[in-house]
Amino acid sequence: MPVLRRRGGEAEASHPPVPWELNVLLRNGAAPLEDRPADEEHFSVALVLGAGHDPPAAAGLPAALPDALREQGVDLKVFSVEAPGGAALADVVLAAGWRAAPAVLTLAGVRARAVLPTVEPPAFPGSGWTKELPVLGPRWLGGELPPAADAVYRAMPVHRRDDLVLVHGEDPFGMLAAVELHERRPDIEFAVTGVRLPVSLPFPAIGVEPGGERVAHAFNSATVGLAPPVRGWRPAAVAMQACGLAVVAPDDEAGRTALGDTASLARDPLAAADAVEELLDDFEKRAGLALAGMERVARWDAVAAELATVLRAL
């Protein structure tokens, strides 16, 4: 395949986000599984990355998850769809997201296979091909794993300001709720995380520089957090909860699945502003949500232990 080049120099080949093996899969169906026992003593897993997804974090998987699985005694090796090599020899072959799934389904000689879903949806799910793979991931992505947060997001011994509301990300849900709150209660102060700085906003806010420690400190300093929609393995709402922050998040299927009754869910920005005001004025409810959220959040070692058990059972 020819590589397009920029004038005056070499160009690195791009990787369109296309599951190239999907036509073969739709035409011929999935390759049959091989009937062989798992190697219980040296249990191995091949993680197959889709085009343009290297390392696994680029596919949307938690950066800490591969090493956490290895600590559970799983011999994890990473492959790409362009060079799957000996992936089929592993006890289980995992697709890192739906982009890699067609390559895993058409790989011959596989004993067991599954997909670790990410925020990127499968192509043409109506064709029925996705039913060929067990889904191993968080509950809001179709699996059974619990919500978890990176180790940097934890409760810190810092002062939590009763007048500080935090907005994470550039999603309209939080931003518009903050505008409404500023009009209703100009005494409230705001901090914003997860935005590109400098930023121009229609409400006064403290912009927090990127970086896990700085963002975690901000999550520990505010009294209520406005979270964007739950997406992927590492939703901001879950990281906020790990820091003991009472969360207001969008009331959608993913939010209800991930957060349940440990967050205040709102249908739109005006309802979100109502929810923030209620939490600001009700210490008992605010503290109850914060505690329930902290208790719900797991760490990646616990998730890896649960995932390893499921993988060995395939």
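Biologist: Where is the place of Ser221?

Modeller: Ser221 sits in helix H5. Helices (H or I, at least four residues) and strands (E, at least two) are DSSP runs, numbered from the N terminus. One caution before we go on. This is a predicted model, where local features need pLDDT of at least 70, side-chain atom pairs count only at pLDDT 80 or more, and totals for chains, interfaces and linings use all residues. Residues are numbered from 1 along each chain as its sequence is written, and side-chain values use heavy atoms, with hydrogens and water left out.

Biologist: Is Ser221 buried or exposed?

Modeller: Start with the cut-offs. Buried means under 20% relative accessible area, exposed over 50%, and partly exposed in between (1.4 Å probe, protein chains only). Ser221 has a relative accessible area of 12%, so it is buried.

Biologist: Which residues does Ser221 touch, not counting residues up to four places away in sequence?

Modeller: Contact means heavy atoms within 4.5 Å. On that basis Ser221 touches Val158, His159, Arg160, Arg161 and Leu164.

Biologist: Why does Asn220 count as buried?

Modeller: Because its relative accessibility is 1%. Asn220 also belongs to helix H5, residues 212–221. Leaving aside neighbours within four places in sequence, its contacts are Arg154, Ala155, Met156, Val158, His159, Arg160 and Cys243.

Biologist: What lies 2.8 Å from a polar atom of the Asn220 side chain?

Modeller: The backbone oxygen of Ala216. A polar contact is a pair of N or O atoms within 3.5 Å; within protein, one must be able to donate a hydrogen and the other to accept it, and residues adjacent in sequence count only if both atoms are side-chain atoms.

Biologist: Now the sheets. In what order do the six strands stand?

Modeller: The general idea: strands of a sheet pair through backbone hydrogen bonds, either parallel or antiparallel. Two strands pair if DSSP finds at least two bridges between them. Here the six strands form an open sheet in the order S7-S6-S5-S8-S9-S10, with parallel pairing. Strand S7 (206–207) and strand S10 (264–266) are at the edges, each with a single partner strand, so one side of each lacks a neighbour in the sheet.

Biologist: How many bridges link S5 and S6?

Modeller: Five, in the parallel sense, with S5 covering residues 164–168. Val167 stands opposite Val192 in S6. His168 has Thr193 in S6 as its bridge partner. S6 is also joined to S7 by two bridges, again parallel. There Val192 stands opposite Gly207 in S7.

Biologist: Which residues of S5 are on each side?

Modeller: In a regular strand the side chains alternate between the two faces of the sheet. In S5, Leu164, Leu166 and His168 are on one side, and Val165 and Val167 on the other; all are buried. Five of the five residues of S5 are buried, so the rest of the structure largely encloses this strand. S6 (residues 189–193) is mostly covered, with four of its five residues buried.

Biologist: Which strands does helix H4 lie across?

Modeller: H4 (residues 172–184) lies across S5, S6, S8 (224–226), S9 (246–250) and S10. It runs at about 130° to S8. Axes are lines fitted to C-alpha atoms, for helices over the stretch in contact, and angles run from 0 to 180 degrees between N-to-C directions.

Biologist: What is the strand order in the sheet of four?

Modeller: S2-S1-S3-S4, an open sheet with parallel pairing. Its edge strands are S2 (75–80) and S4 (113–116), each pairing on one side only. Neighbouring strands are turned by 25° against each other on average, direction ignored. S3 (residues 92–96) and S4 pair over four bridges, in the parallel sense. Leu94 stands opposite Ala114 in S4.

Biologist: At what angle do helices H8 and H9 cross?

Modeller: Roughly 105°, and their axes come within 5 Å. Angles under 35 degrees count as roughly parallel, over 145 as roughly antiparallel, 65 to 115 as roughly perpendicular and the rest as oblique. H8 and H9 are therefore roughly perpendicular.

Biologist: Which residues meet there?

Modeller: Glu278, Leu279, Leu280 and Asp281 in H8 meet Phe283, Lys285, Arg286 and Leu289 in H9.
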